[in-house]
Amino acid sequence: MKNYSMFDVIGPNMIGPSSSHTAGACRLGKVAYKIAEGDIKKVTFLLHGSFGKTYKGHGTDKALVAGILGFDPDDEQIKYSFQMAKEKEILFSFVEEDLGEVHPNTAKIMIEKADGKELSILGSSIGGGSIIITEINDLKLEFTGEYPTIIVSHKDRPGLIAKTTAILCEYGINIAFMRVYRYHKGQNAFMIIETDNEIVPEVVGDIKKVAEIDNAYLISIK
Amino acid sequence: MSFTNGIELLEICEKSNKKIYEVMIEKEIEDTGLSEIEIREKMTESLTIMKEASLKGLTEDIKSVSGLIGGDAKKVKERNEKERSVCGPLMSKAISSAMAILEVNAAMGKIVAAPTAGSCGIVPGTLLTIGEEFNLSEVDLINGLITASAVGFIISRNATVAGAEGGCQAETGSAAAMASAAIVELMGGTPKQALDASAVCIKNILGLVCDPIAGLVEAPCEKRNAIGAANALISAEMALSGVGSLIPFDEVVEAMYRVGRCLPFELRESALGGLADTPTGKRIKKEILGE
């Protein structure tokens, strides 16, 4: 059973009108923003179920774009996110789409970066502003962003998990949950590490320096 | 200081001779590792957002994203200022403040979900009004919010506060129950009286469906926030007078949960039944969403 804080009950502090359709949508966008690491040129949002049906009336569209700009769910600029994205010359569009057997409030966020790289994130807004990410670049995985989370993309080789956790150990960071995923044996893989401690950027910097680790991202969302 | 339901909470309060908010603070410290000062700072932030939302809705020209609602809170406020209110100035203020906050929410303004965005007007609308009318301090109001959070915690843990699961009774019913307990404690009532007031709030609207027009958190949500504020005040008045609840709080919460489960999908925030399914409701949906 989840341990409710008083701020889960009196909270979240958010921009209306709906915790699942607005606050949760903003968080989904923000995870994509963190993984993209800037230079976003074009975003396509595929909206499933209730997201697809009601996104205009609930400001889901504005909240998703605000997330892509790096805003938190309680940022009053969410309302103006379209204009701000245009100023940054980020193209965005919304497509209602059946994404299959997923939660009714699900979005697939497809990003094109200025350097031509592409990435996609699939996630759902599961109530009260909470989210769950279930795919990155079509690889099935799972994390919520409720804990400070490090995502490491790496080659599937012996010892990389040990090297990564050794770095966390050096900084005195306790791992709450950790899972590993891969496409195929020996190919590209992901580690998802959820921690009890706040993570300073140096940790991620050190992890990135390890050979055969392609990248590391810090996801910390309000 | 852990508790999971109303009986356990009252036992702790009685044994240690503490108020609900004191016990809730101890629980929060245990669960999160935050200090009391940090908890109070965080709650002050929430209170500030609530105050700003109420003021904004009562003084600015608000229009919701869809255009369905806006400006109604001001109408109630202006009537109360110009004429003799039917239900008395305090009640009138509380309902206009609750409506104001819901309007700000619908216009993509900043609010605190309490416990949800759809019911965000009830707790602040009543507490801010009581604070003004009885000259309560900010510390009092924060204590009130913490008492409210204890009631909301028990309902979230043992039932639900989501309209999609339990209907409007679970959203505005829980918000009223939270507000009512806070008002009782702020007015000097006992923890038992506070939970009696909460029980009465939920009993008063047991079975209320969630049927938002066009699926938007606007109508009838705004008016149900007004009635939720009234529900909280009426139930607090009864509890403070010594009127108890025949059915204990925990059993009322359980009954609310079971009633919620009996509600068909159409009446749980799907916008397929109730007011959403009336000819006018359907016409409005078509106009807004273009379907």
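This is a predicted model: local features need pLDDT of at least 70, side-chain atom pairs count only at pLDDT 80 or more; totals for chains, interfaces and linings use all residues.
1. In general, nonpolar side chains tend to be buried together in soluble globular proteins. The largest core here has 76 residues, and the members that touch the most others are Ile10(A), Phe3(B), Ile155(B) and Phe249(B). Helix α9 of chain B, residues 168–186, is the top contributor to this core, with 11 residues. Another core lies apart from it and has 43 residues, including Leu28(A), Ala36(A), Ile111(A) and Ile136(A).

2. Ile10(A) deserves a look of its own. Once neighbours within four places in sequence are set aside, its contacts are Met43(B), Ser46(B), Met50(B), Val112(B), Ala113(B), Ala114(B), Leu145(B), Ala148(B), Ser149(B) and Met178(B).

3. Now for the helix pairs. Packed helices are described by the angle between their axes and by the distance between those axes. In chain B, helix α4 (residues 72–82) and helix α5 (residues 89–106) have axes that come within 8 Å and cross at roughly 160 degrees. Because angles over 145 degrees count as roughly antiparallel, α4(B) is roughly antiparallel to α5(B). Their crossing is left-handed.

4. Who makes that contact? On the α4(B) side you'll find Asp72(B), Ala73(B), Val76(B), Lys77(B) and Asn80(B). From α5(B) come Pro89(B), Ser92(B), Lys93(B), Ile95(B), Ser96(B), Met99(B), Ala100(B) and Glu103(B). Sorted by class, the contact has six nonpolar, three polar and four charged residues.

5. Asp72(B) sits in helix α4 of chain B. Leaving out residues up to four places away in sequence, Asp72(B) touches Met99(B), Glu103(B) and Glu222(B). As for Glu26(B), it is 46 residues from Asp72(B) in sequence and 40 Å away in space, C-alpha to C-alpha.

6. The other pair brings back α9(B). Its axis and that of helix α11 of chain B (residues 221–240) come within 8 Å and cross at roughly 40 degrees, which makes α9(B) oblique to α11(B). This crossing is right-handed. On α9(B), the residues involved are Cys168(B), Thr172(B), Ala176(B), Ala179(B), Ser180(B), Ile183(B) and Val184(B). Among their partners on α11(B) are Arg224(B), Asn225(B), Gly228(B), Leu233(B) and Leu240(B). The class tally for this contact is 10 nonpolar, six polar and one charged.

7. On to the backbone, and some cis bonds in chain A. Most peptide bonds are trans, and most residues other than glycine have a negative phi. Gly11(A) and Pro12(A) are joined by a cis peptide bond, with omega about 5 degrees. Pro12(A) is in the loop between α1 (6–9) and β1 (13–15) of chain A. A cis peptide bond also joins Gly16(A) and Pro17(A), with omega about 10 degrees. You'll find Pro17(A) in the loop between β1 and α2 (19–36) of chain A.

8. Last, a couple of positive phi values to check. Glu89(A) is not a glycine, but its phi is positive, near 55 degrees. Glu89(A) lies in the loop between α5 (81–87) and β3 (91–96) of chain A, and is exposed, with a relative accessible area of 67%. Glu212(A) also has a positive phi, near 70 degrees. Its place is the loop between α7 (201–209) and β11 (213–219) of chain A. Is Glu212(A) exposed or partly exposed? At 39% relative accessibility, Glu212(A) counts as partly exposed.

How values were computed. Residues are numbered from 1 along each chain as its sequence is written. Chains are lettered from A and ligands numbered from 1 in the order in which they are written. Side-chain values use heavy atoms; hydrogens and water are left out. A nonpolar core is a set of buried Ala, Val, Leu, Ile, Met, Phe, Trp, Tyr and Cys residues joined through side-chain atoms within 4.5 Å. Buried means under 20% relative accessible area, exposed over 50%, partly exposed in between (1.4 Å probe, protein chains only). Helices (H or I, at least four residues) and strands (E, at least two) are DSSP runs, numbered from the N terminus. Contact means heavy atoms within 4.5 Å. Axes are lines fitted to C-alpha atoms, for helices over the stretch in contact, and angles run from 0 to 180 degrees between N-to-C directions. Angles under 35 degrees count as roughly parallel, over 145 as roughly antiparallel, 65 to 115 as roughly perpendicular and the rest as oblique. A crossing is left-handed if the near helix is turned anticlockwise from the far one by less than a right angle, and right-handed if clockwise. Ala, Val, Leu, Ile, Met, Phe, Trp, Tyr, Cys and Pro count as nonpolar, Asp, Glu, Lys and Arg as charged, and the others, Gly among them, as polar.
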